Amino acid sequence: MKFHNVTVDKASNIYFDGNVTSRNITCSDGSIKTLGVMLKGEYEFNTSKKEIMEITSGELDVLLPDSNNWQLYTDNNSFEVPANSSFKVKVHKITNYCCSYVD
């Protein structure tokens with residue numbers, strides 16, 4: 001996947017002592033995405049907007065809001081997270097992702 005006509009923030013977003021990093025990109029239509037990397041570990045994220053997480057490579061289990069079951073996601077899979085919620089991940093292999101924020 002390639003993005004054209006975007007603006008990329010120079011500064012990265014750094015979470016969990018550097019184990020999760022991302023960079024914001026703003027598309028020509030004004031939408032915002034982040035491209036990031038998660039190292040092995042367990043993390044919990046909070047959302048304010050609906051998110052679509054595309055896993056471009058890697059392997060992780062995800063516990064979505066209102067679920068008791070972890071689901072495995074690998075290369076070229078995606079999942080959605082509702083706005084104003086949180087989700088947990090257990091990263092088994094270094095994982096690259098693209099997160100789209102939906103108004």
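Reply: Happy to! One term to begin with: a contact means heavy atoms within 4.5 Å. This is a predicted model, where local features need pLDDT of at least 70, side-chain atom pairs count only at pLDDT 80 or more, and totals for chains, interfaces and linings use all residues. Residues are numbered from 1 along each chain as its sequence is written, and side-chain values use heavy atoms, with hydrogens and water left out.

Me: Ok, which residues does V62 touch?
Reply: V62 touches N69, W70, Q71, Y73, F79, F87, K88 and V89, leaving aside residues up to four places away in sequence.

Me: And how many residues are in the largest nonpolar core?
Reply: That core has 17 residues, and V62 is among those with the most contacts inside it, along with M38, L60, F79, F87 and V89. A nonpolar core is a set of buried Ala, Val, Leu, Ile, Met, Phe, Trp, Tyr and Cys residues joined through side-chain atoms within 4.5 Å. Buried means under 20% relative accessible area, exposed over 50%, and partly exposed in between, using a 1.4 Å probe and protein chains only.

Me: Which elements give two or more residues to this core?
Reply: Strand 5 (41-46), strand 6 (50-63), strand 8 (77-81) and strand 9 (86-102) do. The largest share, five residues, comes from strand 9. Strands (E, at least two residues) and helices (H or I, at least four) are DSSP runs, numbered from the N terminus.

Me: New topic: T95. Buried or exposed?
Reply: T95 counts as buried because its relative accessibility is 0%. T95 sits in strand 9.

Me: What does T95 touch?
Reply: Not counting residues up to four places away in sequence, T95 touches G36, V37, M38, I55, S57, G58, E59 and L60. Its side chain also reaches the backbone nitrogen of E59 at 3.2 Å.

Me: What's in the turn?
Reply: Five residues lie between the two strands of this hairpin, and G30 in the turn has a positive phi of about 90°.

Me: What about strand 2 and strand 3?
Reply: Three bridges join strand 2 (residues 13-15) to strand 3, again antiparallel. N13 has S22 as its bridge partner in strand 3. Their hairpin has four residues between the strands, and F16 takes a positive phi near 50°.

Methods
Polar contact = N/O pair within 3.5 Å; in protein donor to acceptor, adjacent residues only side chain to side chain. Pairing = 2+ DSSP bridges.
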